[in-house]
Structures are given as C-alpha cells and as structure tokens.
Amino acid sequence: MNFKGTLPTLILEALRHEPSHGYRIAQQIKERSRGVLDFKEGTLYPALHKLENDGLVKSYAGVEEGRTRRYYRITESGRRALSKDRAQWREVSQAVTVLLGEV
Amino acid sequence: MTVTQLENWLDRATWRLAKDSAAQVRAEIREHYELARQEAMSAGATADEADRRAVAELGDAETANCQYRKVLLTATEARVLRQGNWEARAVCSQMWVKWIMLAIPLAALFAAMGLRLSGATAVARVLVIMGGGMAFLFGVPFLPVYTPSRARIFRVARWAVMIAVLLLAFGHDALKYSWLLVSCLWPMFWVEWQRASIRRKLPVAEWPKQLYR
C-alpha cells in the first residue's frame with residue numbers, strides 16, 4: 001500500500017518506546033501493520049536522515065552482538081511532532097471514514 | 001555475484017553524493033543488507049536466495065539516490081563548502097588581510113570626497129556607490145553574524161544593498177544592461193542557492209561560519 005508522507009511518523013512511532021536501528025525499525029513497521037504497509041527499505045534511511053536534520057531523532061553508535069550499529073532515538077521535539085501527527089491523522093482518518101460511508 | 005549486485009545498487013544510490021555522505025550510505029546499507037540476509041537464511045533461504053531477497057528489499061536505487069540527495073550533502077555542495085572554508089581561512093587567518101579589505105572601501109570613499117571637492121561629480125558618485133557596496137560586503141568578518149536569525153537578516157540586507165548599488169550605478173540603463181548584470185551575478189546566485197541547500201541539510205550546530213553569510 002502506498003503511504004507516501006507517513007513514513008516519518010511511522011518511524012517516530014517505532015522509536016517511541018526505545019532506540020532502534022534501521023533494520024529493526026523497518027521490520028517493526030511491517031510486522032505491526034501485518035504486512036500492509038510494505039515499503040522499500042532503501043527509502044527508510046533518507047527519511048531517518050531527514051528526521052535527524054530536523055532534530056526529531058538523534059543517532060549514535062551502539063554495539064549489538066559484537067557489531068557496531070547506528071542507533072536512532074527520538075528527541076523531545078520528535079515526541080511533540082509525533083503527538084501532533086497522531087492528532088492530525090485521527091482527524092483525517094475520521095473524515096475519510098465518514099466520507100466513505102463506513103460509519 | 002550478488003555482492004556485485006549490492007555494490008551496483010550502492011553505486012547508483014550514491015551517485016553525485018559527497019564522499020562522506022556516500023561512505024555513510026554504504027555503511028548503513030551494508031549493515032542493513034547483512035541483517036536482512038541473515039534473517040532470510042535463518043528462515044530457510046539459501047545463500048543466493050537470501051542475497052537476492054536482501055537486495056530486492058532495498059527497492060529502486062535511483063529512487064533512493066533521489067531521496068538521499070535531498071537530505072545528504074552532494075559532491076557539488078561539498079565543493080562549495082570546501083571553497084568557502086578555504087576563502088574564510090585565507091581572509092581570517094591574516095589580520096592584515098581583514099584590515100585591507102576594510103581599508104579599500106574607506107579609501108574609495110575618501111577619494112570620492114576629494115573628487116567631489118575638485119568638481120568631478122560623476123566619478124565621485126560612482127566611487128561612493130562602489131565604496132558603500134564594498135564596505136558592506138568586505139565588512140562581513142567584523143559583523144556579529146553568528147545566529148541563524150541574524151544570518152537571515154544579513155543575507156536579505158546584502159542582496160538589497162547589492163541590488164541598490166547596481167541600480168544606482170547603472171541608473172536608467174539598469175534594464176538595458178540587465179543581461180550583463182544577470183550574467184555577472186549568476187555565479188553568486190548559484191553559490192547562494194547551494195548554500196541554502198546545505199543549510200537545510202546540516203544541523204545548525206554543525207554550520208561552518210560561511211553558512212551564516
């Protein structure tokens with residue numbers, strides 16, 4: 001499914017509870033959406049860099065299973081952006097549900 | 001064979017990126033590829049199948065490249081930064097160069113006063129305009145421009161002064177010679193455009209001095 005524009009919000013949501021690395025973020029989004037939100041993983045990292053440039057996430061080097069990986073954690077501005085996005089998404093999805101006569 | 005596929009993907013995804021940006025992309029994608037490959041193999045795929053799947057999961061390299069170029073420094077932007085840093089070092093490392101840059105417009109203004117007194121009004125006018133413009137441009141190292149908001153104000157003021165100087169210098173002929181002005185100012189527009197792009201890509205904390213100007 002095409003969900004262009006929502007990837008940054010999904011990344012922030014994936015990082016809400018704990019820091020993570022790119023691969024795990026991608027898997028988390030796919031698993032939690034039960035495969036509906038399937039995206040090409042090469043586009044994940046540009047989105048992560050954009051979030052980092054905007055100060056919404058911060059990256060650091062961490063070690064997992066003896067290998068150094070780049071981890072990302074959400075910042076305070078990121079949390080604020082996420083709650084704003086979530087509120088907007090609720091409004092939009094409610095409006096679309098009403099328009100499509102699902103209620 | 002499929003490692004070559006990954007390298008091919010990386011070559012296309014890092015096209016026109018700066019050396020450091022390309023290295024960053026290569027490191028993160030290789031790390032991702034390794035994890036995807038391991039997972040596919042632990043799910044029962046053969047090594048070849050796992051390689052193929054891991055590269056396919058990355059998607060289109062050109063699309064990724066297009067997105068990377070929007071968020072990471074390109075080779076052109078890195079060159080603009082290097083040149084700017086070199087210029088800044090050349091000017092700021094020698095105190096006398098800074099003072100000479102300030103002395104030139106002052107000399108032009110004094111010469112204009114002398115010419116005005118001796119009756120050469122037209123030449124004096126041109127010198128005043130040139131001196132004023134140069135004083136604003138060459139005085140940059142002395143100005144307290146070190147926050148993003150001040151930098152924005154300074155940039156607007158600089159372009160306003162430059163346009164005003166050109167309008168004053170050319171007077172009614174400004175429109176007639178607009179092609180010449182545009183041709184001469186084009187390199188400045190281009191550098192300004194590149195710097196604006198760099199500002200969007202780098203966090204403010206990492207801005208070199210030249211990006212404030």
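In this predicted model, A13(B) touches G42(A) as well as V25(B), A61(B), A64(B), N65(B) and Y68(B), when residues up to four places away in sequence are left out of the count. The contact criterion here is that C-beta atoms, placed from the backbone, lie within 7 Å.

As to the core, A13(B) belongs to the largest nonpolar core, a set of 39 residues. Together with I11(A), L12(A), L48(A) and V57(A), A13(B) is among the residues that touch the most other members of this core. The element that gives the most to the core is α2(B), with six residues. In soluble globular proteins, nonpolar side chains tend to be buried together.

The contact between the chains may be described from the side of chain B. There, 20 residues of chain B are in contact with 14 residues of chain A. Two or more residues of this side come from each of α2 (19-42), α3 (47-58) and α4 of chain B. The greatest contribution is that of α4(B), with seven residues.

The model scores ipTM 0.85 and pTM 0.81. Chain B has an average pLDDT of 87, and 99% of its residues score at least 70. Within chain B, confidence is highest in helix α4 (residues 61-71), at a mean of 95, and α4(B) is also the element that gives the most to the side touching chain A. Confidence in chain B is lowest in helix α7 (residues 121-138), at a mean of 82.

Terms used. Residues numbered from 1 in each chain as written. Chains lettered and ligands numbered in written order. Predicted model: local features only at pLDDT ≥ 70, side-chain atom pairs only at ≥ 80, totals over all residues. pLDDT = per-residue confidence, 0-100. Helix = DSSP H or I, 4+ residues; strand = E, 2+ residues; numbered from the N terminus. Contact = placed C-beta atoms within 7 Å. Core = buried A, V, L, I, M, F, W, Y, C linked by C-beta atoms within 7 Å. Buried ≥ 20, exposed ≤ 12 C-beta atoms within 10 Å, placed from the backbone.
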